[in-house]
Amino acid sequence: MNASPNLIEQSFEIAASRCADITPLVYQRLFDRHPEAKAMFRSQGSEPVMGSMLALTIEAILDFAGPRTGHFRLIACEVASHDGYGTPRDLFIAFFAVIRDTLRALIADEWSPEIAQAWDQLLVEIEAFAAVPA
Ligand code: HEM
């Protein structure tokens, strides 16, 4: 069974109601936790790529947790292309936890045990999915 799609979606919606654009918060958290990730992006002109990478990742998460119409497949495809960008598999997977933790910090008092559990399950499922060859 998929991680509860409503709870995952809800967590993004609550965060969006508190912050118009979570992109800077996500990358700040990523680079604080994994400083080596910064050097993987071009030093100039990487902002649109970073914004688009996050937007596509969120789309994939919502599809993975929800209807699985196809966007979720991005996760498996990008594991392979990120080998080419020099992004280790563990770091690739860590991006999902960074997104979760950014939402948790924003949502604060509304971060319920149910939302926490849905995300725990989702992260386990994504890791297993990314381990399967595309
Ligand atoms: C911390 C982990 C990650 C790092 C360090 C990373 C790094 C990168 C880098 C360096 C690029 C740009 C390559 C270029 O300059 O052309 C890129 C692009 C991209 N990444 Fe990631 N990535 C990570 C995680 C992910 C995840 C989890 C996904 C989605 C499942 C993803 C999806 C994408 C996509 C779709 C692009 C292309 C964006 C575009 O040009 O529109 N990345 N990533």
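**Chain overview**

Of the contacts in the chain with a separation of 6 or more, 74% are between residues 24 or more positions apart. The model is predicted. Its secondary structure consists of six helices and zero strands.

**Fold and dimensions**

- Along the sequence, the pattern of the chain reads α-α-α-α-α-α.
- The chain has a radius of gyration of 14 Å, close to the 14 Å that the globule rule gives for 134 residues, so the chain is as compact as a globular protein of that length.
- Taken along the principal axes, the box filled by the C-alpha atoms of the chain is roughly 35 × 30 × 20 Å.
- Of the 134 residues in the chain, 22% are buried.

**Helix 4 and helix 6**

- Two packed helices are described by the angle between their axes and the distance between the axes.
- Helix 4 covers residues 73-85 and helix 6 covers residues 113-131; their axes come within 9 Å and cross at roughly 55°.
- The crossing of the two helices, helix 4 and helix 6, is right-handed.
- On the helix 4 side the contact is made by Ile75, Ala76 and Val79, and on the helix 6 side by Ile126, Phe129 and Ala130.
- By class, the residues of this contact between helix 4 and helix 6 are six nonpolar, no polar and no charged.

Note on methods:
Residues are numbered from 1 along each chain as its sequence is written. This is a predicted model: local features need pLDDT of at least 70, side-chain atom pairs count only at pLDDT 80 or more; totals for chains, interfaces and linings use all residues. Helices (H or I, at least four residues) and strands (E, at least two) are DSSP runs, numbered from the N terminus. The radius of gyration is taken over C-alpha atoms; the globule rule is 2.2 Å times the number of residues to the power 0.38. A residue is buried if 20 or more other C-beta atoms lie within 10 Å of its own, exposed if 12 or fewer, and partly exposed in between; C-beta atoms are placed from the backbone. Two residues are in contact if their C-beta atoms, placed from the backbone, lie within 7 Å. Axes are lines fitted to C-alpha atoms, for helices over the stretch in contact, and angles run from 0 to 180 degrees between N-to-C directions. A crossing is left-handed if the near helix is turned anticlockwise from the far one by less than a right angle, and right-handed if clockwise. Ala, Val, Leu, Ile, Met, Phe, Trp, Tyr, Cys and Pro count as nonpolar, Asp, Glu, Lys and Arg as charged, and the others, Gly among them, as polar.
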